[in-house]
Number of protein chains: 2
Amino acid sequence: MFFEGSEKKAEVVVDNTKLSLLNDISNTFWQELVECCNAQILSSIENEHCKAFLLSESSLFVWDDRFLILTCGVTQLVNSIEYFIQNTQPEDILHVTYQRKNEYFSNAQLTSFGDDIKLLSKYLTGKAYRFGEIYSHHNYVFHQDNEFQAEPDDTTYELLAYQISEYASKKLTTKGLSTQEIRDFFCINELLPGFEIDDFVFDPYGYSLNAIKGTDYYTIHVTPQAGSSYVSFESNLDLFTIASKILDILSPSSFDLLGFNDPQFSKKVTTTIKSPYISNSLVSKTLDNGYLVCFASFITPETQYSTPLALDLTGENHAL
Amino acid sequence: MFFEGSEKKAEVVVDNTKLSLLNDISNTFWQELVECCNAQILSSIENEHCKAFLLSESSLFVWDDRFLILTCGVTQLVNSIEYFIQNTQPEDILHVTYQRKNEYFSNAQLTSFGDDIKLLSKYLTGKAYRFGEIYSHHNYVFHQDNEFQAEPDDTTYELLAYQISEYASKKLTTKGLSTQEIRDFFCINELLPGFEIDDFVFDPYGYSLNAIKGTDYYTIHVTPQAGSSYVSFESNLDLFTIASKILDILSPSSFDLLGFNDPQFSKKVTTTIKSPYISNSLVSKTLDNGYLVCFASFITPETQYSTPLALDLTGENHAL
């Protein structure tokens, strides 16, 4: 069964002296916001700094001065952002960024990135970029173009793994797998200890995890099925410290690393990413909002001929 | 200005003892067939073996026992094939193959490959495959599954070049370029001498060429604009003999080679394709219709960080 794991992502920063996202906004509002993109809240955890909602399609994290939302499948995340803008005083919103990764089947999506930023441009003046080549892995980034400047220590990382090994795919599509078994598979306790965790195994497979500790967070989303497998890690922790181990576990045939505001990104790529991976795309820019965005995409060279994927003829592009 | 250069392609083989495509079918029929996918015939050349039509979106070649059609942009080539099937006695059609390459903007397409083969499956029993990874260069191939077996000497090649060098892109988007200047740029007379040629420069740029000599043919289609540049060569001549020279001329950042019925394909890849190109996809299979299909995709490793592509906000994903 095909599923588009690749996420859209948005971050909205507010002036929390005027609007406290933790104190002034009810869970009902977040539920409505999430429903605008056809997702549902499944569960949540919270601490004094953060509320983390696990969604039917990915995650929503709310801090007092910002929220971060990632949604996958054919959700229209931009509609949730429009809902927030329409229900908030314009002067309370300091900054909006909107990001969209390459999809496996972009023709199955209800809108393109172009459509999305056209909608956002009705409300905001912004700038947009494509990091990476159009016919390969890439990330679209839109940001509001105003006086907002990112704090230098506002760092975030993404590790996006495509086509994981047959072993990992088989393991993660095993029927009846428990959350604990998946945590163990990813060596969660060893790699990222001490977090409060909220996770969920979808039926028949698929896995999402939210984790918080103080102001730190990470989130993992797993689309394990062969043919469209995809695993994403996103965190404000430095994912370079665990990248080698994650690549060992998943052996993806290709992956992307993204860094926001890490001036050591390029150096870390060189020291962390080893053979057989080869970079086919390296892109970086300090955006006008102050974020240094770095994108690096990696592939494995092919030396042996394999057989093509047989497709069924129902029009769904499913593997047979 | 964005244009989807990537082509759909179909080949239909008929029993020419019952239906001679050269003698029994009028040019008006071909015109109607081409119009079914929203293309137009611009001009044509012919010899005793072949009629070659240059289209507003690519090419149509008609031999006595088969026709080959390639169309780019957002044409719905499958509708032309449906038109042929609906207007031909079923017993006259020996074999149908339908192919679709990865597109730059698949979300701008009116149908997916899945939709297309669903339509064809109303008329034909077939099999379908994807050569290459979904998130990278790939080729979808559908073929009718019947008693038809390809002749071993029915060989065809494709060379598909993506993101040509800035120099080549600038040269090929020069205003007022003549067909002769483009032929010279590609060293046509040196590389492929002795062909009758029909070519056309589109406004403001873009170039198509059909060439025939006896039963041999080649066709070139050029979408030169930076951001979505694409150049395709297709021929029944061995394109490996000119691949190095074409790669020198275009310096694409990535390219694909396809071979139909060349058992030496893998060996030729090894001896012909040199540094800096690295293969990230090698796929081959002898289909049940007897065609050995080989697909090899190549990228250039990246060692330096570049800046992202700035996009405009009109929803068209145009480069600024």
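I take two strands as paired if DSSP finds at least two bridges between them. Helices (H or I, at least four residues) and strands (E, at least two) are DSSP runs, numbered from the N terminus. This is a predicted model: local features need pLDDT of at least 70 and side-chain atom pairs count only at pLDDT 80 or more, while totals for chains, interfaces and linings use all residues. Residues are numbered from 1 along each chain as its sequence is written, and chains are lettered from A and ligands numbered from 1 in the order in which they are written.

**Entry 1, across the chains.** I found strand S17 (residues 309-311) of chain A pairing with S7(B) in the antiparallel sense, over 3 bridges. Leu309(A) has Arg130(B) as its bridge partner in S7(B).

**Entry 2, the interface.** I counted contacts (C-beta atoms, placed from the backbone, within 7 Å): 50 residues of chain B touch 50 residues of chain A. S15(B) gives the most to chain B's side, with 8 residues.

Next I looked up H2 (residues 77-86) of chain B against H3(B): they pack at an angle of about 5 degrees, axes 10 Å apart. That makes H2(B) roughly parallel to H3(B) (angles under 35 degrees count as such). Axes here are lines fitted to C-alpha atoms over the stretch in contact, and angles run from 0 to 180 degrees between N-to-C directions. Val78(B), Ile81(B) and Glu82(B) of H2(B) meet Asp116(B), Leu119(B) and Leu120(B) of H3(B).

Note on methods:
Angles under 35 degrees count as roughly parallel, over 145 as roughly antiparallel, 65 to 115 as roughly perpendicular and the rest as oblique.
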